[in-house]
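I set down each item as I looked it up.

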Amino acid sequence: MGTPALKAPRRRDPDPGVFAWAGPVLRHVQAVMGTMVSFEIRIGDAEAKAAHVALARACSRLERADAVFSTWKPNSPMSLLRRGEMTLGEAPAEMAEVLELCKVARELSGGCFDPWAMPGGIDPTGLVKGWAADRALGELRAAGVRAATVNAGGDLASFGGPGPGWPWRIGVRDPRAESALACVVESPGAVATSGCYERGPHVIDPATGCPGTRCASATVTGPELWLADALATGLVVAGEAGLALIEAVEAYEGCVISDAGSIAMTGSFPVAT
Amino acid sequence: MRRTPIVLAGTAAGLAAVLGFHTESLGTNVVATPSGSSSGASTGKSTTTTTGSSSSPGRVSSSASTTTTTTGTTGTRTALGADVQYRYGDLELQVTVTGSRITNVEPVVDTAYDPRSSQINSYAEPLLVSETIEAQSAAINGVSGATFTSQAYVQSLQAALDKLGIK
């Protein structure tokens with residue numbers, strides 16, 4: 001089959017100066033959770049001040065998620081829980097919420113995403129970043145801005161689009177080339193990608209407890225990032241065979257890029273044309 | 001590397017959205033001149049920029065961030081930008097727009113804080129500059145990929161988008 005599909009589709013876009021939402025654009029980059037989180041906010045008719053307040057709240061959400069769930073910070077509630085020095089009842093309330101979501105994701109992924117099968121104790125990292133970005137985005141939505149994207153180190157939560165009837169277009173990085181895209185998708189709300197090309201073989205196969213993936217990268221789209229993030233983590237372990245599982249999850253779609261560079265995707269994966 | 005121009009074309013179109021120029025400004029040059037903060041002692045961890053027709057908004061109070069506000073009115077030919085402060089250096093881009101096309105992008109300030117960053121920048125910037133100019137048609141608003149570390153961010157496509165967007 002070779003490497004036929006690795007070509008970003010070309011499209012003549014409407015002139016952004018004409019078709020974009022009127023009003024200011026607010027951008028922000030925040031260092032948090034061991035990565036950089038980029039915000040793009042189309043303020044629209046909302047009060048600029050309200051948008052800035054919402055952005056500050058959104059950043060606080062991310063900082064808080066990092067403080068509670070970091071497995072790198074030795075004294076985070078997550079680390080204490082892993083070492084048996086804190087019970088779930090003693091942990092902050094969002095701990096139980098996230099672990100509940102982890103169970104849902106584990107089931108939907110057929111066990112390919114399993115925080116309980118990680119070496120060193122329970123590790124919800126593959127879901128937390130997406131969950132935190134969902135909450136950050138919620139702050140912006142509540143402020144009444146027209147549209148926004150939150151890109152948490154490569155996983156994006158968004159609503160609206162850069163202009164009326166114009167979806168956010170998200171490039172999926174080619175796992176083999178830093179400056180190239182494998183494809184472009186129109187975001188249905190969440191776009192998450194998992195792969196080993198950035199931070200080495202850190203994705204654990206729950207079946208073996210060892211690092212292991214069956215493709216170069218996996219991308220999952222859907223309405224919410226917590227689940228897209230977790231499913232992408234599972235899909236990169238499962239490889240192309242895992243697409244059947246994604247297909248079974250309503251409103252979620254997946255795409256797998258093999259080590260050789262070929263792309264396989266579910267039937268309704270929202271590739272931009 | 002056939003795909004690269006398309007990627008950075010997106011960058012260019014994103015910039016177009018920020019600058020808010022219109023096609024009727026054909027034949028004129030728009031130069032986005034960097035301005036704003038120049039503090040060498042800043043934490044360099046975060047940058048916030050607002051562009052557009054809003055009145056000046058308030059500061060964002062957040063532990064690891066610096067906030068810069070710029071205003072450029074939609075439809076006008078001059079946009080002011082702020083420099084982007086990264087952990088590993090400052091980068092300012094001067095963008096020249098002719099009509100609805102970006103005709104030149106060049107870094108005007110390139111202060112890397114350590115030799116390794118210099119190396120990264122010298123690799124990343126020529127790519128950014130040449131490819132931005134080459135193709136203009138496909139727009140992307142973000143890049144999804146395996147999670148990068150905050151150190152690796154500076155080399156990422158998302159950083160390129162943020163850089164140009166912030167201008």
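Entry 1. I looked up the crossing of helix α5(A) with helix α6(A) in this predicted model. I recorded the crossing of α5(A) and α6(A) as right-handed. Helix α6(A) covers residues 225-238, and its axis and that of α5(A) come within 7 Å and cross at roughly 160°. An angle over 145 degrees counts as roughly antiparallel, and I therefore noted α5(A) and α6(A) as roughly antiparallel to each other.

Entry 2. I then asked which residues of α5(A) and α6(A) meet. On the side of α5(A) I listed Gly126(A), Leu127(A), Lys129(A), Gly130(A), Trp131(A), Ala133(A) and Asp134(A). Their counterparts in α6(A) are Leu225(A), Trp226(A), Ala228(A), Asp229(A), Ala230(A) and Thr233(A). Sorted by class, this contact of α5(A) with α6(A) holds seven nonpolar, three polar and three charged residues.

Entry 3. I turned to helix α2(A), residues 48-69, and helix α5(A), residues 125-142. The two axes come within 8 Å and cross at roughly 160°. By the angle, α2(A) and α5(A) are therefore roughly antiparallel to each other. I found the crossing of α2(A) and α5(A) to be right-handed.

Entry 4. For the contact itself, I noted Ala54(A), Arg57(A), Ala58(A), Arg61(A), Leu62(A), Ala65(A) and Phe69(A) in α2(A). These meet Val128(A), Ala132(A), Arg135(A), Ala136(A), Glu139(A), Leu140(A) and Ala142(A) in α5(A). How many residues of the contact of α2(A) with α5(A) are nonpolar, polar and charged? I recorded 10 nonpolar, no polar and four charged.

Entry 5. I looked at each face of β10(A) in turn. Ser217(A), Thr219(A) and Thr221(A) are buried on one side, and Ala218(A), Val220(A) and Gly222(A) are buried on the other.

Entry 6. Last, I looked up the partners of β10(A). Strand β7(A), residues 190-195, runs antiparallel to β10(A) and is joined to it by six bridges. Here I found Val191(A) opposite Thr221(A). Strand β11(A), residues 253-257, also pairs with β10(A) in the antiparallel sense, over five bridges. For Val220(A), I noted Gly254(A) in β11(A) as the bridge partner.

Notes. Residues are numbered from 1 along each chain as its sequence is written. Chains are lettered from A and ligands numbered from 1 in the order in which they are written. This is a predicted model: local features need pLDDT of at least 70, side-chain atom pairs count only at pLDDT 80 or more; totals for chains, interfaces and linings use all residues. Axes are lines fitted to C-alpha atoms, for helices over the stretch in contact, and angles run from 0 to 180 degrees between N-to-C directions. Helices (H or I, at least four residues) and strands (E, at least two) are DSSP runs, numbered from the N terminus. Angles under 35 degrees count as roughly parallel, over 145 as roughly antiparallel, 65 to 115 as roughly perpendicular and the rest as oblique. A crossing is left-handed if the near helix is turned anticlockwise from the far one by less than a right angle, and right-handed if clockwise. Two residues are in contact if their C-beta atoms, placed from the backbone, lie within 7 Å. Ala, Val, Leu, Ile, Met, Phe, Trp, Tyr, Cys and Pro count as nonpolar, Asp, Glu, Lys and Arg as charged, and the others, Gly among them, as polar. A residue is buried if 20 or more other C-beta atoms lie within 10 Å of its own, exposed if 12 or fewer, and partly exposed in between; C-beta atoms are placed from the backbone. Two strands pair if DSSP finds at least two bridges between them.
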